[in-house]
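Subject: Model for your review

Dear colleague,

I am handing over the structure that we spoke of, and I would be grateful if you could look through it alongside the notes below.

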Amino acid sequence: MADRGVIDPVPEPVAKQGGGAGSFLAKATGVVILLVLAVLLALLGVQRYVADRLTPDPTTIASASLQGLREQNRLSAFAARYVAVVTSRQSQLGFSTEKTLIMPGSVRYEVDLGKLTERDVAWDAASKTLSVRLPAVEVDGPQVDLAATREYGSGGVLTTFTDAESRLDAANRRAGQAELLRQAREPTTMRLAKDATRRAVERSFALPLRAAGLDAKVQVRFADDPTTTDERWDVSRSLAEVLGNRQ
């Protein structure tokens with residue numbers, strides 16, 4: 001019989017065997033998840049860095065194209081041939097004489113690419129449009145085809161006893177060259193020359209952009225072209241501004 005004055009000790013609860021293992025697994029799983037997230041973030045950063053480095057930059061490509069054009073100095077994308085027919089007359093001492101000159105000549109239409117600067121090329125990222133402003137087209141010539149030149153005259157006393165013939169020849173040459181230039185500067189011909197030059201310059205900028213995989217549009221205008229109400233030049237950023245901000 002147990003002694004009533006003695007209290008039996010209460011046994012302590014025994015810890016479950018699986019408790020420590022579960023806590024360890026939970027902590028290990030959390031660490032693994034954090035590591036996976038860190039790896040994913042690192043991969044995302046690397047991907048963005050590589051994309052930024054490998055994605056073609058239209059302003060850089062346009063700048064290289066601009067430099068290539070400027071090295072050409074002058075661009076002649078259009079030429080035309082004209083024929084001037086002029087007649088000069090001389091009267092002296094009651095006699096008169098005249099001579100007619102048929103003068104063929106050719107004219108080249110050129111643009112001074114050396115005048116192009118980075119401020120003349122602008123990139124509009126919103127519309128993916130590269131705008132190029134060219135100097136005005138210049139007429140070079142005329143180059144007279146002397147072999148094909150023909151003269152017709154009435155002769156007479158003045159051409160025999162005076163210098164009327166030489167004066168007629170000089171007057172006809174001046175008038176012939178002026179007539180060739182007049183024909184060369186006709187609005188229709190100037191428009192054809194501008195169109196040919198515009199296409200050549202557009203190709204010079206568009207081909208490198210397309211080769212880099214960029215779907216960009218190139219628009220070329222001339223400094224003497226009339227402006228329109230929907231002109232987007234002011235909202236575009238010139239290469240000088242874009243490249244200057246990177247420095």
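Which residues are linked in a network of salt bridges? In this model, which is predicted, the network is made up of Arg74, Arg108, Glu110, Asp112, Lys115, Glu138 and Asp140. Over the whole model, the count of salt bridges comes to 17.

Glutamate 138 and lysine 115 meet through their side chains in a salt bridge, with an N to O distance of 3.7 Å. This pair links distant parts of the chain, since glutamate 138 belongs to strand 5 (residues 138–144), while lysine 115 sits in the loop between strand 2 (95–112) and strand 3 (121–124), 23 residues apart. Both partners are partly exposed: glutamate 138 has a relative accessible area of 28%, and lysine 115 has one of 48%.

A further salt bridge joins arginine 133 to aspartate 120, and here the closest N and O atoms are 3.1 Å apart. Because arginine 133 lies in strand 4 (residues 129–134) and aspartate 120 in the loop between strand 2 and strand 3, the pair ties together parts that are 13 residues apart in sequence. The two side chains fall into separate accessibility classes, for arginine 133 is partly exposed, with a relative accessible area of 23%, whereas aspartate 120, at 12% relative accessibility, counts as buried because the cut-off for that class is under 20%.

Next in the chain comes helix 5, which covers residues 187–211. This helix has 25 residues and reaches 36 Å from its first C-alpha to its last, close to the 36 Å expected at 1.5 Å a residue. Its buried residues are Thr189, Met190, Ala193, Lys194, Ala196, Thr197, Arg198, Ala200, Val201, Phe205, Ala206 and Leu209, a list that includes the charged residues Lys194 and Arg198. After helix 5 comes glycine 213, whose phi is positive, near 85°.

When you go through the model, you might begin with the salt-bridge network around Glu138 and Lys115, and then turn to helix 5 and the glycine 213 that follows it.

With kind regards

Notes:
Residues numbered from 1 in each chain as written. Predicted model: local features only at pLDDT ≥ 70, side-chain atom pairs only at ≥ 80, totals over all residues. Heavy atoms only, no water. Salt bridge = Lys/Arg side-chain N within 4 Å of Asp/Glu carboxyl O. Helix = DSSP H or I, 4+ residues; strand = E, 2+ residues; numbered from the N terminus. Buried < 20%, exposed > 50% of the residue type's maximum accessible area, 1.4 Å probe, protein only. Expected span 1.5 Å × (residues − 1).
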